[in-house]
Amino acid sequence: MPLELQAVDPKADFPAVARCLFESYEAPPQPFFHIFFPIHNTTTNNPQNAREAAIAEAAARLKLWQEHDKSMYWQKVVDTETGRIAGGALWNIHEANPFANPAQLEVSWFPEGGARRFVEKALENHVRPRARAAPKPHLYLFIIFTHPDYRRQGVGQQFMDWGMKKADAMGFDFFLDSTPYGQPLYEANGFRYIEENLNVPVTDKPDEKWKEMEDKVGPFTFWLMWRPVNGVYEGRETPKST
Ligand SMILES: CC(C)(COP(=O)(O)OP(=O)(O)OC[C@H]1O[C@@H](n2cnc3c(N)ncnc32)[C@H](O)[C@@H]1OP(=O)(O)O)[C@@H](O)C(=O)NCCC(=O)NCCS
């Protein structure tokens with residue numbers, strides 16, 4: 001089946017992109033996903049309605065993020081026989097050091113209180129290794145997913161090919177934070193490890209909502225990975241993250 005890389009149309013595509021995102025991270029389930037894209041009110045609401053509301057909220061937020069952060073660029077791979085979205089990727093094309101004046105991302109997708117504080121702490125932990133390793137212009141792969149129906153058909157590779165070409169054209173190193181599921185794709189593309197990042201949000205005052213998040217998400221691990229411009233490692237030291 002023809003699978004074509006295209007730019008996301010922000011006016012039309014985010015509902016379908018968000019649905020594909022959820023279905024991709026549900027198979028298999030990855031608890032950290034709840035940090036970025038929670039399903040609220042699962043006890044009071046019908047579970048299907050709660051999930052639909054979460055997908056709609058995600059679609060609206062992805063659109064807002066892109067409108068407010070000019071470094072963001074969304075792509076999709078489309079099955080051109082059916083029009084179905086097979087996968088998506090969100091890039092940050094950082095033309096300047098993004099950590100010089102870090103924009104505070106307001107965790108608007110959780111109500112104020114312990115749950116929101118947990119997520120703020122998790123996001124701080126998540127970004128810390130890259131803030132140390134990449135205080136400069138660079139390309140960052142923020143989100144990548146392939147729908148389970150389309151895995152191992154080169155969808156992820158199409159995004160990676162685009163990213164490597166883009167980074168080289170801009171003279172940038174390419175960074176990403178990998179889940180366990182992403183590692184084979186990045187290793188196949190010659191990416192090297194900078195740091196294993198075991199994320200354990202900590203507070204002195206855990207309230208009920210904080211504890212609920214701990215139970216739901218638990219500690220989770222990402223691996224910061226790197227590919228130098230043009231994929232040339234000779235003469236380059238692995239960036240330091242500590
Ligand atoms: C990671 C993910 C995006 C890979 O997407 P994909 O479209 O299936 O990957 P591709 O078909 O383009 O794979 C390209 C190459 O990567 C490697 N690879 C990808 N997935 C692999 C797997 N599960 N096992 C072993 N190698 C794998 C292979 O070398 C593969 O080439 P091959 O199929 O010719 O052997 C997909 O598994 C996914 O969405 N996972 C859930 C969400 C997630 O964790 N995303 C990663 C965030 S960092």
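## Around Lys76

Leaving aside neighbours within four places in sequence, Lys76 is in contact (heavy atoms within 4.5 Å) with Glu4, Leu5, Gln6, Ala7, Val8, Asp13, Ile85, Gly87, Gly88 and Phe159. With Asp13 there is also a polar contact of 2.7 Å between the two side chains; the term covers a pair of N or O atoms within 3.5 Å, and within protein one must be able to donate a hydrogen and the other to accept it, with residues adjacent in sequence counting only if both atoms are side-chain atoms.

Lys76 counts as buried because its relative accessibility is 9%, where buried means under 20% relative accessible area with a 1.4 Å probe and protein chains only. Lys76 belongs to strand β2, residues 72-79 (strands are DSSP runs of E, at least two residues, and helices runs of H or I, at least four, numbered from the N terminus).

## How the model is read

This is a predicted model, in which local features need pLDDT of at least 70 and side-chain atom pairs 80 or more, while totals for chains, interfaces and linings use all residues. Residues are numbered from 1 along each chain as its sequence is written, and side-chain values use heavy atoms, leaving out hydrogens and water.

## Around the ligand

Now to the ligand. A polar side-chain atom of Tyr25 lies 3.4 Å from a ligand nitrogen, and a side-chain N or O atom of Gln30 is 2.9 Å from a ligand oxygen. Ile144 uses a backbone N or O atom, 3.0 Å from a nitrogen atom of the ligand.

Elements giving two or more residues to the shell around the ligand are β4 (138-146), α5 (155-170), β5 (174-178) and α6 (183-188). Of these, α6 gives the most, with four residues.

Notes. Buried means under 20% relative accessible area, exposed over 50%, partly exposed in between (1.4 Å probe, protein chains only).
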